[in-house]
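Open the model in a viewer and keep the selection panel at hand. The stops below go from a cavity lining to a strand and its partners.

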Amino acid sequence: MQEQYRPAEIEPAAQAHWQAAQTFKVVEDPNRPKYYACSMLPYPSGKLHMGHVRNYTINDMLARHLRMKGFNVLMPMGWDAFGLPAENAAIAYQRSPAEWTYANIEDMKSQMQPLGLGFDWSREVATCDPDYYKWNQWFFLKMLEQGIVYKKTQVVNWDPVDQTVLANEQVVDGRGWRSGAIVEKREIPGYYFAITRYAEELLSSIDQLDGWPDQVRAMQRNWIGKSTGVRFAFKHDVRDASGALIQDGKLFVFTTRADTIMGVTFCAVAAEHPLATRAAELKPALAAFIEECKKGGTTEAELATQDKKGMDTGLTVTHPLTGEAVPLWIGNYVLMSYGDGAVMGVPAHDERDFAFANKYGLPIKQVIATTHVDTQPFDAKEWQGWYGDKQLTHCVHSGKYDGLDYEAAVDAVVADLAAQNNGEKKTTYRLRDWGISRQRYWGTPIPIIHCASCGDVPVPYDQLPVKLPTDCIPDGSGNPLKHRADFLHVDCPQCGKPAQRETDTMDTFVDSSWYFMRYACPDATTMVDARNDYWMAMDQYIGGIEHAVLHLLYARFWTKAMRDIGLVKIDEPFTRLFTQGMLLNDSYYREQADGKKRWFYPSEVEVQHDDKGRPVSAVAKEDGQPVQMGGIEKMSKSKNNVVEPKDIISRFGADTARLFTMFAGPPEQSAAWSDSGVEGAYRYLRRVWAWCYKQHDALKDAGTVDAASLDAASKALRREVHLTLKQINHDYERFQYNTVVSGAMKLLNTLEGAAAVAPSVLREGASILLRVLSPVSPHLTHALWTELGYAATAGELVNASWPEPEAAAMDSDQIELVVQVNGKLRGQISVPKAADRAAIEAAALADPHVMKHVEGQTIKKVVVVPGRLVNLVVG
């Protein structure tokens, strides 16, 4: 055994051994309990940083731990390979997205290899592979047959730079999430998945996901957004240019606050509403405002924070219960895609309406009062929380409804509306159907052919996949498929006449909605096969909180749709979900003349500290000029604050990189990068190696533990080892990997401090240390396990049995008792289990910490609580 710890030698050797033995290749085995642990597949951006190392090490620790506990563990890896970044890179570098993507995949795999991650690469999936996306197309057609896929024209978010439709979630502050361009609203035909068919099941089955974080479950519930309320109409006499009533003379709205109907002082419609269009024809000044609204925010979060703007159309609608004329406004906070694209305005009891009414001088009529004695009187100029309450409230200034509480008032209003045949209770959802058409090239082609005679014709199943040409080089002027004759022109499958393929491609969320099932059977000749039934549902899914809504919701929907056509037997794809925290690092930047920020790598900056060691300023090493300290930020290439694994591995080894990322903090919380922390992790692993080297001969020659023959010192050491093991195992089970590392450090301290103990106890202790440390630092432990002779008797470490604490080893002939004097803790004593009362009293009085508190005083009474404490009453 070499004396020095040399990770540059032992890590490649261990990896080569695992690769030659195909250690991590997994096959289905009905005779063993299975465990499917999976990290969310990455986008092949080309570079790994230490944040990735943290994420994948969490998964690897789990997989290695459970493998040693006897589970048949699947841990695969693949690539979410379609999408805009590849197109943008292709434009920038004049390369095809396919060339760029596959090069990045190879680059990232080469960066993963030195980390020793136990992926089963035989199951690798790339979503841009025709063998994969063929099944996106196949399932699209199946859902089309079921009516789950349909085509419609709808107002959508259009990114004028990226030339594509964006989902609401891809619009940030009114701008495209990638281009930063102001998003426009356009009416564009596209294909939709009817996810709303599953809204109630998606909502109700959240209660079954008890292995998910409460925060994520709440986010899913809020996104689905079930509301029970009333849908009714305000009648009107607005006619189009031909004289026909617009929408049959009815402006429909939905409200959860029908009890406030007598407080309506205006109605507002979306800019795309037919009444808004007609109003602009009658009042041309509205046209510019409507165009402005079409460039506004599209998400509810943005609607809540953006400046509320409106214009009076000059039109009115009729209140259904009072017959009063209600002014009709256009509001930038009303979306055509939500409900009927119209809202009733009750300023007194809706905070958004309250602000809008005050801004434009609209009436504010109180119709709800509260029975809370500590509330302030109603003030039309300052919003108070109780204005929107439903609890402990009653109607006022509402005629026949006065005095009714919320539920009674709603029932009464519904009855009166129903008597007019103008309203009913209805359940609605915030969730909207999923528009999957994207006007981009690098994605799954939608398998539809447009024929002038037959209309939209599905591609026959035997012609799948519709392959995407891989040699297009986008130039930023739109989808190159529109000009690709060999792709575009095709004969109609029904009539045989010349036709054209659909050039829209699918939203990349489609690709990630089921890839984890394809891992289970990557070479299947059907979408999935029986192997998927073995592995799914997934036991543990690991990924970032940023995917808590869309990806997870779409994956749940996709699974239920697959179930309904008989492809799978499960209702939910993921039994447990773990959302890991981010790895953070310092950031530094300098404002440039054009207003943009230039970000510096931490290594390019020199930081000045005050006399207490706190950073106070920084300068760039290149010119000595000041830079701004941007604070601790998520590791990001855009901010140049990433630390690349190759740099850490070259200095300290992969085991150190893995150990630091696990020790930095609880896995579910964000943790800050620390150069000194990395060095500390490296020192610990050197100590492990050094201790094993020092004890090498004794450990190799030691036999097994004979507990009955151990002396007191050996028993004490063994007890400490097994007690620590008990805590480590508890921490493994609850994903507290940072304290697992702490426990391993404590084990080493215990073993290093041992003196004159049985070699067999040291050998057992070393075996436990190497096994509990192996999931986090597998290379070093693999080498030491072999060097110390364990592999010869217990097999390879990766397959060794997991250590369990022995109850007998943790037992002790001694017990610990606290000693109190007049009820105050003054000391602690250790006595034999069999000690009688007199021996316990004598030990308590002999303790030097106790003696100074009883000296010179009379002991009036001694209370002994067996197994717990001694209390001396003195005076």
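Begin with helix α2, which gives four residues, the largest share, to the lining of the largest cavity. This is a predicted model, in which local features need pLDDT of at least 70 and side-chain atom pairs count only at pLDDT 80 or more, while totals for chains, interfaces and linings use all residues. Residues are numbered from 1 along each chain as its sequence is written, and side-chain values use heavy atoms, without hydrogens and water.

Select F24, V26, D60, A63, R64, R67, V73, M75, G118 and D120, the lining of that cavity. Its volume is about 100 Å³.

Next, select W18, R64, M68, S774, P775, P778, L797 and V798, which line the second largest cavity. The volume there is about 50 Å³.

Helices (H or I, at least four residues) and strands (E, at least two) are DSSP runs, numbered from the N terminus.

Stay on β1, residues 34-39. Is it buried or exposed? Six of its six residues are buried, that is, under 20% relative accessible area with a 1.4 Å probe and protein chains only. K34, Y36 and C38 lie on one side, and Y35, A37 and S39 on the other.

Finally, show the neighbours of β1. Strand β2 (residues 72-74) runs parallel to β1 and is joined to it by three bridges, with Y36 opposite L74. Strand β26 (residues 540-543) also pairs with β1 in the parallel sense over three bridges, and A37 stands opposite Q540. Pairing requires at least two DSSP bridges between two strands.

Key. Buried means under 20% relative accessible area, exposed over 50%, partly exposed in between (1.4 Å probe, protein chains only). On a 1 Å grid over the protein atoms alone, a cavity is a set of points where a 1.4 Å probe fits but cannot get out, and a pocket is an open set with protein on both sides within 12 Å along at least five of seven lines; lining residues have an atom within 4 Å of a point. Grid points are joined across faces, edges and corners, and a volume is the space filled by probe spheres set on the points.
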